[in-house]
Amino acid sequence: MNIVVQKFGGTSVRNLECQRQVMQKVLRPYREGNKVIVVLSAMSGETNRLLGLAEEWSDNPDPAEVDSLVSTGEQISCALFAMLLKQQGVKCRSVLGFQAPVKTDCCYGKARITAIDESRLKGMLQEYDILVVAGFQGCDDSGRITTLGRGGSDTSAVALAAALKADVCEIYTDVPGVFTTDPNLCTDARKIDRISYDEMLEMASMGAKVLQIRSVEFAKKYNVTVHVRSTFSDEPGTIVTQEDENMEAVMVSGIAYDKDQARITLIHVKDNPGVSAQIFSPLAEKKILVDMIVQNPSKDGLTDMTFTVPRADVKPTIKTLEKLQYEIGYEELSSNLNVAKVSIIGVGMRNHSGVASKAFRALADENVNILMISTSEIKITCLIDDKYTELAVRTLHKAFNLEEGKHIE
């Protein structure tokens, strides 16, 4: 059984005209003799509308009930699209998360997939040629509906492709692929033909919204080839796949940025063993994602601790740490929401020196001050004032000759 998985986002299914375009994409592999799993998001704007209703009805809506509510968006998309296919004489049916079933933990709103019953899905594919599966949702062990978080339909599609050992997982979106940087900020941005899982992970973690980071993690773990392409054209997109020698020959593959950041500083923290754990363990328990961490040199037994969190987590971070001020022993807490992260990414950085010096010199020439720096094997990230984000992205893109397919090697 040859299986193709295709995922379509909210803008791709937002109305009847768009869904008819999507149908043509779906019928292509079907007419070539493949079984097709179509994973759909809710229509564009529908999830936000449903979340608005939850907030209107309740000051503090129960997360489990919110998941039950917002999951109806995908249910509508799938039912309507299945009607279109059946009108063409296709043997198909819609499948919701609990019907597959896609099993998850019970972290409502941010659930993680724990298992998929591939035998049941394969049984359905014996009877039907196309299954229209609701993305973004699953169910926990108690049978309650769960959702996977923003962009969760990407993860649904890749997980299904992994479970069913599909030939390919095509992620259709409103852009033609993965670019060297955001084309809205840099007109010289170029579409990348092939990108490694690790590079895509770094770009997704830095705010590139083409793929949800957890979907890339799934793809890498289970070696799923992902093809990111446009719903509105037939041109090839970007293949996300295993790293190869050609990828390593390029020093830098892309520039990513994330403006959804805030900087937290604890001033005059006691520089004792275990203090870092006292700070970050409670934040981890609250599911707050801490990224860049810098500790200043100790002076008179005191130090300053600075780190970044998503802007949405600033209030719970401050609230958590203020309750622990006496226990941690810091003098003052400050926050800054006017910051952004800009990253240089490329697997070739493992084999090329001078990337950091070139990047820092380029930013210095434009008077862009670097507030914090963090590095990994294939990424250098700078925290800067957010008003310089666009300038920094364009400057770094040009410094590494990423326009028109040129690279510094």
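Modeller: Contact here means heavy atoms within 4.5 Å. Keep in mind that this is a predicted model.

Biologist: Leaving aside its neighbours within four places in sequence, which residues is Thr104 in contact with?

Modeller: Thr104 touches Ala111, Arg112, Ile113, Thr114, Gly138, Cys139, Asp140, Asp141, Thr146 and Leu148. Thr104 sits in strand β4 (residues 102-104).

Biologist: Is Thr104 buried or exposed?

Modeller: Buried means under 20% relative accessible area. Thr104 has 2%, so it counts as buried.

Biologist: What joins the side chains of Thr104 and Thr146?

Modeller: A polar contact of 2.7 Å. Look also at Gln137, 33 residues from Thr104 along the chain. The C-alpha atoms of Thr104 and Gln137 are 8.8 Å apart.

Biologist: Which residues does a cis peptide bond join?

Modeller: Ala100 and Pro101, with omega about -10 degrees. Pro101 lies in the loop between β3 (92-95) and β4.

Biologist: Now the surface. Which residues make the nonpolar patch of about 260 Å²?

Modeller: Ile76, Leu80 and Met83. Met83 belongs to helix α4 (residues 72-87). Exposed means over 50% relative accessible area. Met83 is exposed because its value is 52%.

Biologist: On to backbone angles. What is the phi of Lys165?

Modeller: Positive, about 50 degrees, although Lys165 is not a glycine. Lys165 is in the loop between α6 (152-164) and β9 (168-173). At 69% relative accessible area, Lys165 is exposed.

Biologist: And where is Asn401 found?

Modeller: In the segment after α14 (389-399). Asn401 is not a glycine, yet has a positive phi of about 50 degrees. Asn401 is partly exposed, with a relative accessible area of 27%.

Methods. Residues numbered from 1 in each chain as written. Predicted model: local features only at pLDDT ≥ 70, side-chain atom pairs only at ≥ 80, totals over all residues. Heavy atoms only, no water. Patch = residues over 30% accessible without salt bridge, like charges linked within 9 Å, V, L, I, M, F, W, Y side chains within 5 Å. Areas by Shrake-Rupley, 256 points an atom, 1.4 Å probe, with all protein chains shown as cover. Salt bridge = Lys/Arg side-chain N within 4 Å of Asp/Glu carboxyl O. Helix = DSSP H or I, 4+ residues; strand = E, 2+ residues; numbered from the N terminus. Buried < 20%, exposed > 50% of the residue type's maximum accessible area, 1.4 Å probe, protein only. Polar contact = N/O pair within 3.5 Å; in protein donor to acceptor, adjacent residues only side chain to side chain.
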